[in-house]
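Okay, everyone, let's get going.

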Amino acid sequence: MAVDIDLEAMELPFGFETTASQQFATVLFDRPEEDSTDCKITVITRDGMVNQFMSNNTHNPSIRRHASCVYVMEEFNNTFMRICTIQHKGITLLEVEEVFEQELIDLGLAEYIRPVDDFIHP
């Protein structure tokens, strides 16, 4: 079932602009069990590089199991955020969250922390 969403009418957090975002990575969080402190993380960058590793569950937006997040940077104010889908008891949640530089470093995405002009025109 497709749902039409009017992004212009929505009030999105953190100064999120609907026409000025640059996607640079998709991250999958795969927690094997609900009580596990380990999480398999798969990072896919916009240039096609894939990095998979085990880490703690610190940046997983799901308190229970699995999640996927698209990481974006706002072109005009150097703000990072992620758009996440989270499964919880048969319900799909969608969250938009601000991302701080330490999270990018922890996920191996430190190369994207740079001046805005460099990001837009690599």
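This is a predicted model: local features need pLDDT of at least 70, side-chain atom pairs count only at pLDDT 80 or more; totals for chains, interfaces and linings use all residues.

Cys 39 comes out at 0% relative accessibility, so it counts as buried.

Now, the disulfide. Searching the whole structure turns up one. The partners are Cys 69 and Cys 84, with S to S at 2.4 Å. The cut-off for calling a disulfide is 2.5 Å, so this pair of sulfur atoms makes it in. Cys 69 sits in strand 4, residues 66-74, and Cys 84 in strand 5, residues 80-88, so the link ties together parts that are 15 residues apart in sequence. Both Cys 69 and Cys 84 are buried.

Next, charges. In the one between Arg 82 and Glu 97, the closest N and O atoms are 2.6 Å apart. Arg 82 is in strand 5 and Glu 97 is in strand 6, residues 91-99, so that bridge ties together parts 15 residues apart in sequence. Then there's Glu 103, whose side chain meets that of Arg 82 at 2.8 Å, N to O. Glu 103 belongs to helix 1, residues 101-106, so here the parts tied together are 21 residues apart in sequence.

On to the rings. There are three aromatic pairs in the structure. Take Phe 24 and Phe 80: the centres are 5.8 Å apart and the planes are at 80 degrees, so we call that edge-to-face. With Phe 24 in strand 1, residues 21-30, and Phe 80 in strand 5, the pair ties together parts 56 residues apart in sequence. Phe 24 and Phe 80 are both buried. Ring pairs also bring in Tyr 71 and Tyr 112, making a cluster with those two Phe residues.

Last stop, a loop. Ser 62 lies between strand 3, residues 50-56, and strand 4. Its relative accessible area is 3%, so Ser 62 is buried. Beyond its sequence neighbours within four places, Ser 62 is in contact with Arg 31, Asn 57, Ala 67, Ile 86 and Gln 87. For Gln 87, 25 residues along the chain from Ser 62, the C-alpha separation is 7.6 Å.

Terms used. Residues are numbered from 1 along each chain as its sequence is written. Side-chain values use heavy atoms; hydrogens and water are left out. Helices (H or I, at least four residues) and strands (E, at least two) are DSSP runs, numbered from the N terminus. Buried means under 20% relative accessible area, exposed over 50%, partly exposed in between (1.4 Å probe, protein chains only). Rings of Phe, Tyr and Trp (its six-membered ring) pair if their centres lie within 6.5 Å; planes under 30 degrees apart count as stacked, over 60 as edge-to-face and the rest as tilted. Contact means heavy atoms within 4.5 Å. A salt bridge is a side-chain nitrogen of Lys or Arg within 4 Å of a carboxyl oxygen of Asp or Glu.
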